[in-house]
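Biologist: Hello! Could we look at this structure together, step by step?

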Amino acid sequence: MKKIILTGGGTAGHVTPNIALLPSLKKAGYDIFYIGSYEGIEKKLIEEQNIPYYGISSGKLRRYLDIKNFTDPFRVLKGFSEAKKLIKQIKPDILFSKGGFVSVPVVFAAKHYKIPVIIHESDMTPGLANKLSLPMATKICCNFPETVKLLPEGKAVLTGSPIRAELHKGNRNIGQQFANLSSEKPVILIIGGSQGSAVINQAVRSILPQILKKYQVIHICGKGNVDNSFNNTKGYSQFEYVKNELKDVFAAADIIISRAGANAICEILSLRKPNILIPLSKAASRGDQILNAASYEKQGFSKVIEEEALTGKVLWEAIEGVYQNKNTYIAAMEKSTQSDAVSMICDLIQQYSKGKKD
């Protein structure tokens with residue numbers, strides 16, 4: 001049986017694309033193993049999939065001054081040693097890395113044993129962990145046309161991001177029932193990222209009476225962000241998070257308002273949902289969401305509102321504009337070739353597995 005090691009962690013965005021690959025990899029006959037950090041979010045998510053999980057030491061690679069900058073290199077070196085032992089033990093045919101700091105020692109260990117490495121970069125510009133890993137890669141998958149020219153020549157492949165197949169199996173009626181909504185008005189789904197967004201939540205609630213005259217709202221507002229003063233408001237349902245019913249909630253949505261994290265926008269594109277993107281400001285990030293959103297707007301997939309410009313009035317005008325022109329956005333998304341990333345990536349894995357191609 002062919003063997004593959006998956007790696008990636010630190011955030012759910014470094015794990016869920018790996019999970020999306022699991023059914024196809026199993027169907028292709030791979031024995032699957034996962035290397036992540038000792039207690040990162042990836043440990044729980046992967047163990048839920050009944051995949052053998054191995055934790056290694058990891059350290060964060062910071063661009064800023066911090067006392068841990070002096071100790072974390074030793075954790076990374078320890079992780080490299082642990083990853084080498086695991087790779088020697090497992091003897092994989094290939095490694096697939098989704099990034100995050102824990103992936104760096106694993107990628108270097110795979111290269112040490114001449115194991116082919118395929119890396120996936122979700123954002124427009126590579127993060128620091130992937131930048132360190134790029135020279136070790138056999139192929140580098142990416143989400144944006146603009147990213148191809150930023151990567152080593154001959155290694156980049158425009159694939160999009162792997163999307164869980166279950167998201168395409170949602171039922172609109174079930175989604176409406178789950179949110180206690182009717183079929184009489186169109187539905188706006190609002191997602192502020194895994195932690196929610198106070199800025200987006202405030203802007204939405206400031207014009208909620210106006211929105212509810214024409215639309216219904218499913219608001220996934222993040223942990224601790226439910227506003228009880230809006231309980232029992234007809235046409236408005238709020239949740240801290242949605243897990244099992246997410247596919248149905250997506251199916252119920254006519255337009256989506258979202259942050260511009262790479263995995264989130266790839267799911268929106270795959271589902272062909274007209275959308276408004278409000279990227280995380282550069283003051284709170286390295287600016288990757290701003291670049292992601294700009295690319296989607298340029299390709300005609302999205303309407304973008306910069307966080308600094310977000311007001312209730314601006315949001316309302318965007319909602320009206322996107323809904324009225326929803327068919328134009330859908331048509332643009334239909335032309336995208338980035339709709340079957342799972343098949344494209346699994347084909348690359350098959351092609352470059354050790355013994356098939358150097």
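Predicted model: local features only at pLDDT ≥ 70, side-chain atom pairs only at ≥ 80, totals over all residues.

Biologist: Which residues in the largest nonpolar core touch the most other members?

Modeller: Residues are numbered from 1 along each chain as its sequence is written, and side-chain values use heavy atoms, leaving out hydrogens and water. A nonpolar core is a set of buried Ala, Val, Leu, Ile, Met, Phe, Trp, Tyr and Cys residues joined through side-chain atoms within 4.5 Å, and buried means under 20% relative accessible area, exposed over 50% and partly exposed in between, with a 1.4 Å probe and protein chains only. Of the 57 residues in the largest such core, those that touch the most other members are Leu 189, Ile 211, Ile 218, Leu 315 and Ile 319.

Biologist: Which residues does Ile 319 touch, not counting residues up to four places away in sequence?

Modeller: Contact means heavy atoms within 4.5 Å. With sequence positions up to four places away set aside, the partners of Ile 319 are Ile 188, Ile 211, Tyr 215, Ile 255, Ile 257 and Ile 276.

Biologist: How many of the five residues of strand S8 are buried?

Modeller: Helices (H or I, at least four residues) and strands (E, at least two) are DSSP runs, numbered from the N terminus. Val 187, Leu 189 and Ile 191 point one way from S8, and Ile 188 and Ile 190 point the other way. Strand S8 (residues 187-191) is largely enclosed by the rest of the structure, because the number of its residues that are buried is five of the five.

Biologist: In what order do the six strands form the open sheet?

Modeller: Two strands pair if DSSP finds at least two bridges between them. Five bridges join S8 to strand S9 (residues 216-220), with Ile 188 opposite Val 217. Four bridges join S8 to strand S11 (residues 255-258), where Ile 188 stands opposite Ile 255. The pairing in the sheet is parallel, and the order is S10-S9-S8-S11-S12-S13.

Biologist: Is Asn 50 buried or exposed?

Modeller: Asn 50 lies in the loop between helix H2 (41-47) and strand S3 (53-56). Although Asn 50 is not a glycine, it has a positive phi of about 60°. Its relative accessibility is 70%, so Asn 50 counts as exposed.

Biologist: Where is Lys 91 found?

Modeller: Lys 91 has a positive phi of about 60° and is not a glycine. At 55% relative accessibility, Lys 91 counts as exposed. Its place is the loop between helix H3 (72-90) and strand S4 (94-97).
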